[in-house]
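Please keep the structure open as you read.

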Amino acid sequence: MIDLMSPPPGLSPVAGKSVVAKFDGGRLSSDGGILVLREIEQRLRVADRLAACIEDPRSPDQITHSLADIIRFRLLMIAAGYEDGNDASSLRIDPMFKMALDLSPSDRELCSQSTISRLENLPDARALLRMGRAMVDLYCESFKQVPKRITLDIDDTFDAVHGGQQLRLFNAHYDEYGFQPIVVFDGEGRFITAVLRPAKRPGGKEIRAFLRRLLRAIRANWPNTKILLRGDSHYCCPEVLDWCRANGLDYILGVAPTTTLRRHIEGLEASTKARFEAAPKDGKLRRFKEFFDGAASWSRVERIIARFAQGAISISLSLHA
């Protein structure tokens with residue numbers, strides 16, 4: 001009888017030491033870091049917070065995997081680099097993932113890919129709003145003291161997809177199908193919230209509605225904290241400007257360098273270029289100019305700051321209440 005578990009013979013020694021290969025290690029895993037993430041998740045209770053936002057339509061006596069456990073498994077999968085829900089088919093028996101969900105390696109299997117898919121399609125619009133609010137609450141609770149002022153960095157990013165996912169849209173700029181979620185971080189780089197959306201540039205009404213919900217969630221925790229909104233030029237639209245002023249938000253938003261705006265800085269551009277060419281060894285040269293102007297769609301003129309640095313022009317609209 002052939003012993004299939006016997007070590008293969010004839011392996012050459014390395015640095016004077018013998019090399020032995022065996023296949024009797026039992027259940028192994030390469031995701032030991034999951035147990036560290038488990039400690040963080042238990043402290044923050046992210047899965048429990050999100051599960052509390054979703055109504056579970058299942059019969060209680062027929063439940064094997066709670067909503068919190070399904071969400072926790074999915075969060076850990078993504079954190080470990082397993083973005084595809086299909087990976088659950090193999091990871092559900094992984095001993096490290098089992099231990100991360102308070103099971104021993106010999107206990108029952110974790111939830112399947114189909115269970116994860118049903119969960120991801122379960123939340124309705126109201127549940128999604130509650131989940132977004134829960135993430136903002138988690139951000140606010142991370143502070144030991146209520147800050148006097150915070151900065152909200154808002155931006156959108158492209159996320160390519162490789163299937164027929166819901167909300168996917170073709171984006172000509174990236175020449176791919178994907179999503180274009182809006183994400184918000186604070187000035188220190190802490191994540192605050194995000195919203196999944198089709199791969200198209202967000203309009204003013206959509207941005208205003210998103211900011212309204214975000215501000216409501218922050219004000220519920222910090223009613224007196226000053227807020228500065230910071231974003232790129234496509235967030236500089238009339239709906240956002242008027243909404244910020246009406247709600248007492250300061251803002252620094254990029255402005256597209258139109259022909260009209262460039263007329264204000266032609267002299268600055270020429271003199272900066274001449275000064276740099278006259279003394280190139282002095283290093284990078286940056287100059288600024290402040291002026292007031294407004295687009296036809298704006299309700300009023302705005303304070304605008306232009307920065308010129310050796311051929312590159314950056315124009316921002318700024319208001320500090």
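A residue is called buried when its relative accessible area is under 20%. In this predicted model, Phe73 has 0% relative accessibility, so Phe73 counts as buried.

The structure holds eight aromatic pairs, and one of them joins Phe73 to Phe97 in an edge-to-face arrangement. This pair links distant parts of the chain: Phe73 belongs to helix 3 (residues 67-79) and Phe97 to helix 5 (residues 95-100), with the two 24 residues apart. Phe97 is buried as well, its relative accessible area being 0%. Tyr82 joins in too, as ring pairs link Phe73, Tyr82 and Phe97 into a cluster.

Why does the pair of Phe158 and Tyr174 count as stacked? Planes under 30 degrees apart are classed that way, and the planes of Phe158 and Tyr174 stand at 10 degrees, so the pair is stacked. Distant parts of the chain are linked here: Phe158 lies in the loop between strand 1 (149-156) and strand 2 (159-160), while Tyr174 lies in the loop between strand 3 (169-171) and strand 4 (176-179), 16 residues away. Phe158 is buried at 16% relative accessible area, whereas Tyr174 is partly exposed at 41%.

Here are the two pairs in brief.

| Pair | Centre to centre | Angle between planes |
|---|---|---|
| Phe73 and Phe97 | 5.7 Å | 75 degrees |
| Phe158 and Tyr174 | 4.3 Å | 10 degrees |

A charge meets a ring as well: the charged end of Arg168 sits over the ring of Tyr177, 4.2 Å from the ring centre.

How values were computed:
Residues numbered from 1 in each chain as written. Predicted model: local features only at pLDDT ≥ 70, side-chain atom pairs only at ≥ 80, totals over all residues. Heavy atoms only, no water. Phe/Tyr/Trp six-rings, centres within 6.5 Å; stacked < 30°, edge-to-face > 60°. Helix = DSSP H or I, 4+ residues; strand = E, 2+ residues; numbered from the N terminus. Buried < 20%, exposed > 50% of the residue type's maximum accessible area, 1.4 Å probe, protein only. Lys NZ or Arg CZ within 6 Å of the ring centre and 35° of its normal.
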